[in-house]
Amino acid sequence: MLNEEVLQEVEKGSMLPLMEEFYTIQGEGYHKGTAAYFIRIGGCDVGCHWCDVKESWNAESHPPTEITSIVDNAAKYSDTIVVTGGEPLMWNMFPLTESLKEKGLQTHIETSGAYELTGIWDWICLSPKKNKLPTPAVHAAAHELKAIIYNKHDLIFAEEQAALVNEECILYLQPEWSVRDKVVPLIVDYVMKNPKWKVSLQTHKYLNIP
(Lines give C-alpha, C1' and ligand atoms only; values in the text may rest on other atoms or scores of the structure.)
Protein backbone atom coordinates (compact mmCIF):
# COMPACT_ATOMS: atom_id res chain seq x y z
CA MET A 1 0.00 0.00 0.00
CA LEU A 2 1.44 3.37 -1.03
CA ASN A 3 1.68 6.09 1.55
CA GLU A 4 -0.35 9.27 1.25
CA GLU A 5 2.61 11.40 0.21
CA VAL A 6 3.42 9.15 -2.75
CA LEU A 7 -0.23 9.02 -3.79
CA GLN A 8 -0.33 12.81 -3.82
CA GLU A 9 2.77 12.95 -6.03
CA VAL A 10 1.16 10.47 -8.44
CA GLU A 11 -2.01 12.55 -8.45
CA LYS A 12 0.02 15.64 -9.39
CA GLY A 13 1.92 13.76 -12.09
CA SER A 14 5.34 14.27 -10.53
CA MET A 15 5.51 10.50 -10.05
CA LEU A 16 4.04 7.98 -12.48
CA PRO A 17 3.49 4.19 -12.36
CA LEU A 18 6.31 3.21 -14.70
CA MET A 19 5.95 -0.24 -16.27
CA GLU A 20 8.97 -0.13 -18.56
CA GLU A 21 11.15 2.15 -20.67
CA PHE A 22 13.19 1.15 -23.69
CA TYR A 23 14.92 2.45 -26.81
CA THR A 24 13.72 0.92 -30.07
CA ILE A 25 12.27 1.62 -33.50
CA GLN A 26 8.73 2.98 -33.79
CA GLY A 27 6.92 0.23 -35.63
CA GLU A 28 3.53 1.73 -36.40
CA GLY A 29 1.79 4.66 -38.04
CA TYR A 30 3.25 7.88 -39.41
CA HIS A 31 6.61 7.67 -37.61
CA LYS A 32 7.34 4.00 -38.33
CA GLY A 33 11.02 3.33 -38.82
CA THR A 34 12.06 6.17 -36.48
CA ALA A 35 14.32 5.50 -33.52
CA ALA A 36 12.45 6.45 -30.35
CA TYR A 37 12.56 6.04 -26.60
CA PHE A 38 9.36 4.51 -25.22
CA ILE A 39 7.96 5.23 -21.78
CA ARG A 40 5.20 2.75 -20.89
CA ILE A 41 2.95 3.95 -18.08
CA GLY A 42 0.91 1.43 -16.10
CA GLY A 43 -2.84 1.63 -15.64
CA CYS A 44 -5.69 1.04 -18.10
CA ASP A 45 -9.39 0.33 -17.71
CA VAL A 46 -10.34 0.22 -21.40
CA GLY A 47 -9.94 -3.56 -21.44
CA CYS A 48 -9.32 -4.55 -25.08
CA HIS A 49 -9.57 -8.34 -25.29
CA TRP A 50 -6.69 -8.46 -27.82
CA CYS A 51 -4.34 -6.18 -25.85
CA ASP A 52 -0.76 -7.50 -26.02
CA VAL A 53 0.33 -5.75 -22.81
CA LYS A 54 -2.39 -6.76 -20.36
CA GLU A 55 0.25 -6.66 -17.63
CA SER A 56 0.06 -2.88 -17.93
CA TRP A 57 -3.56 -2.71 -16.82
CA ASN A 58 -3.06 -2.78 -13.05
CA ALA A 59 -1.29 0.44 -12.10
CA GLU A 60 -0.56 -0.91 -8.62
CA SER A 61 1.75 -3.50 -10.17
CA HIS A 62 4.11 -0.77 -11.34
CA PRO A 63 6.13 1.35 -8.92
CA PRO A 64 5.55 5.11 -8.79
CA THR A 65 8.69 6.63 -10.28
CA GLU A 66 9.94 10.22 -10.14
CA ILE A 67 9.51 11.88 -13.53
CA THR A 68 12.95 13.48 -13.12
CA SER A 69 14.45 9.98 -13.29
CA ILE A 70 12.26 9.03 -16.27
CA VAL A 71 13.21 12.18 -18.18
CA ASP A 72 16.92 11.88 -17.44
CA ASN A 73 16.92 8.31 -18.75
CA ALA A 74 14.98 9.26 -21.87
CA ALA A 75 17.29 12.14 -22.75
CA LYS A 76 20.29 9.78 -22.90
CA TYR A 77 18.88 7.86 -25.84
CA SER A 78 16.71 9.82 -28.25
CA ASP A 79 15.22 13.15 -29.26
CA THR A 80 11.89 11.40 -29.87
CA ILE A 81 10.00 10.20 -26.81
CA VAL A 82 6.85 8.08 -27.09
CA VAL A 83 4.60 7.87 -24.05
CA THR A 84 2.36 4.82 -24.18
CA GLY A 85 0.61 2.39 -21.87
CA GLY A 86 -1.64 1.18 -20.56
CA GLU A 87 -3.57 4.38 -20.97
CA PRO A 88 -1.24 7.30 -20.16
CA LEU A 89 -4.03 9.89 -20.06
CA MET A 90 -5.30 8.31 -16.85
CA TRP A 91 -2.54 10.43 -15.30
CA ASN A 92 -1.62 14.11 -15.44
CA MET A 93 0.87 14.30 -18.30
CA PHE A 94 1.75 17.99 -17.95
CA PRO A 95 4.69 17.59 -15.53
CA LEU A 96 6.29 14.81 -17.60
CA THR A 97 5.93 16.56 -20.94
CA GLU A 98 7.02 19.94 -19.58
CA SER A 99 10.21 18.31 -18.30
CA LEU A 100 10.79 16.55 -21.63
CA LYS A 101 10.25 19.79 -23.57
CA GLU A 102 12.71 21.61 -21.30
CA LYS A 103 15.33 19.22 -22.65
CA GLY A 104 14.29 19.95 -26.23
CA LEU A 105 12.74 16.53 -26.81
CA GLN A 106 9.89 15.64 -29.17
CA THR A 107 6.88 14.33 -27.25
CA HIS A 108 4.59 11.72 -28.78
CA ILE A 109 1.68 9.91 -27.15
CA GLU A 110 -0.23 6.76 -28.02
CA THR A 111 -3.68 6.86 -26.43
CA SER A 112 -7.22 5.57 -26.64
CA GLY A 113 -8.29 9.14 -25.90
CA ALA A 114 -10.71 7.98 -23.24
CA TYR A 115 -9.54 10.53 -20.66
CA GLU A 116 -9.01 14.27 -20.48
CA LEU A 117 -6.16 15.44 -22.69
CA THR A 118 -3.22 16.59 -20.58
CA GLY A 119 0.35 17.25 -21.61
CA ILE A 120 2.26 19.14 -24.31
CA TRP A 121 2.43 16.95 -27.39
CA ASP A 122 4.20 17.23 -30.73
CA TRP A 123 2.32 14.17 -31.98
CA ILE A 124 -0.87 12.50 -30.79
CA CYS A 125 -1.67 9.02 -32.07
CA LEU A 126 -5.31 8.28 -31.26
CA SER A 127 -6.26 4.61 -31.28
CA PRO A 128 -9.94 4.66 -30.26
CA LYS A 129 -11.67 1.74 -28.61
CA LYS A 130 -15.37 0.84 -28.60
CA ASN A 131 -15.31 0.02 -24.87
CA LYS A 132 -14.53 3.60 -23.86
CA LEU A 133 -14.78 6.28 -26.52
CA PRO A 134 -12.40 9.23 -26.95
CA THR A 135 -13.13 12.66 -25.55
CA PRO A 136 -13.90 15.47 -28.02
CA ALA A 137 -10.63 17.24 -27.09
CA VAL A 138 -8.55 14.26 -28.21
CA HIS A 139 -10.52 13.92 -31.44
CA ALA A 140 -9.84 17.59 -32.15
CA ALA A 141 -6.10 17.41 -31.40
CA ALA A 142 -5.16 14.03 -32.92
CA HIS A 143 -2.45 14.00 -35.59
CA GLU A 144 -3.16 10.43 -36.59
CA LEU A 145 -6.10 8.08 -36.11
CA LYS A 146 -5.08 4.44 -35.88
CA ALA A 147 -8.08 2.13 -36.04
CA ILE A 148 -7.33 -1.48 -35.08
CA ILE A 149 -9.21 -3.92 -37.32
CA TYR A 150 -10.17 -7.26 -35.79
CA ASN A 151 -13.23 -7.93 -37.91
CA LYS A 152 -15.27 -6.36 -40.69
CA HIS A 153 -17.48 -4.40 -38.30
CA ASP A 154 -14.41 -2.51 -37.07
CA LEU A 155 -14.34 -0.71 -40.42
CA ILE A 156 -17.70 0.85 -39.56
CA PHE A 157 -16.32 2.00 -36.20
CA ALA A 158 -13.24 3.38 -37.96
CA GLU A 159 -15.40 5.52 -40.23
CA GLU A 160 -17.42 6.76 -37.26
CA GLN A 161 -14.20 7.87 -35.57
CA ALA A 162 -12.81 9.40 -38.77
CA ALA A 163 -15.85 11.66 -38.92
CA LEU A 164 -14.94 13.10 -35.50
CA VAL A 165 -11.25 13.95 -35.93
CA ASN A 166 -9.85 17.15 -37.43
CA GLU A 167 -9.37 17.48 -41.18
CA GLU A 168 -5.57 17.25 -40.99
CA CYS A 169 -5.60 13.97 -39.07
CA ILE A 170 -3.96 11.10 -40.98
CA LEU A 171 -6.14 7.99 -41.11
CA TYR A 172 -4.72 4.48 -40.62
CA LEU A 173 -6.23 1.01 -40.57
CA GLN A 174 -4.07 -1.52 -38.74
CA PRO A 175 -4.71 -5.28 -38.56
CA GLU A 176 -4.94 -6.76 -35.09
CA TRP A 177 -1.85 -8.95 -34.96
CA SER A 178 -3.48 -12.29 -34.04
CA VAL A 179 -5.83 -12.15 -37.07
CA ARG A 180 -3.54 -10.34 -39.49
CA ASP A 181 -3.64 -13.04 -42.17
CA LYS A 182 -7.41 -12.84 -42.25
CA VAL A 183 -7.91 -9.07 -42.10
CA VAL A 184 -4.99 -7.76 -44.18
CA PRO A 185 -6.75 -8.59 -47.48
CA LEU A 186 -9.89 -6.90 -46.11
CA ILE A 187 -7.94 -3.76 -45.17
CA VAL A 188 -6.05 -3.62 -48.47
CA ASP A 189 -9.28 -3.86 -50.44
CA TYR A 190 -10.93 -1.21 -48.25
CA VAL A 191 -8.03 1.26 -48.57
CA MET A 192 -7.96 0.84 -52.34
CA LYS A 193 -11.67 1.69 -52.45
CA ASN A 194 -11.33 4.43 -49.82
CA PRO A 195 -7.92 6.06 -50.38
CA LYS A 196 -8.32 8.62 -47.59
CA TRP A 197 -7.14 5.70 -45.42
CA LYS A 198 -3.61 4.28 -45.25
CA VAL A 199 -2.44 0.84 -44.12
CA SER A 200 -0.45 0.62 -40.88
CA LEU A 201 1.40 -2.57 -39.96
CA GLN A 202 3.17 -3.50 -36.74
CA THR A 203 6.51 -3.59 -38.53
CA HIS A 204 8.43 -4.05 -35.27
CA LYS A 205 6.81 -7.46 -34.88
CA TYR A 206 7.82 -8.47 -38.39
CA LEU A 207 11.35 -7.28 -37.59
CA ASN A 208 11.26 -9.09 -34.23
CA ILE A 209 12.21 -6.05 -32.16
CA PRO A 210 10.47 -4.70 -29.01
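I began with helix α5, whose buried residues pack against α4 (136–141), β7 (144–149), β8 (170–175), α6 (180–193) and β9 (197–199). The model I am reading is a predicted one.

I then listed which residues of α5 (residues 153–162) are buried: Asp154, Leu155, Phe157, Ala158, Gln161 and Ala162. I looked down the axis of α5 and found these buried residues within an arc of 160°, so they line one face of the helix.

**Whole chain**

I went on to the overall fold. I noted seven helices and nine strands in the secondary structure of the protein. The radius of gyration is 17 Å, close to the 17 Å from the globule rule for 210 residues, so the protein is as compact as a globular protein of that length. I also took the extent of the C-alpha trace along its principal axes, which is about 55 × 30 × 30 Å.

For burial, I have 51% of the 210 residues counted as buried. For contacts, I looked at pairs of residues at least 6 apart in sequence; 63% of these contacts join residues at least 24 apart.

**Val71**

I looked up Val71 in helix α2, which covers residues 67–75.

Which residues does Val71 touch, leaving aside its neighbours within four places in sequence? I found contacts with Leu96, Ser99, Leu100 and Lys103. I also checked Val71 against Thr97, which is 26 residues away along the chain; their C-alpha atoms are separated by 8.9 Å.

**Thr84**

My last entry is Thr84, in strand β4 (residues 80–84). I have its relative accessibility at 7%, so Thr84 counts as buried. With neighbours within four places in sequence set aside, I listed Phe38, Ile39, Arg40, Ile41 and Glu110 as the contacts of Thr84.

Terms used. Residues numbered from 1 in each chain as written. Predicted model: local features only at pLDDT ≥ 70, side-chain atom pairs only at ≥ 80, totals over all residues. Heavy atoms only, no water. Helix = DSSP H or I, 4+ residues; strand = E, 2+ residues; numbered from the N terminus. Rg over C-alpha atoms; globule rule 2.2 N^0.38 Å. Buried < 20%, exposed > 50% of the residue type's maximum accessible area, 1.4 Å probe, protein only. Contact = heavy atoms within 4.5 Å. Arc of directions from axis to C-beta.
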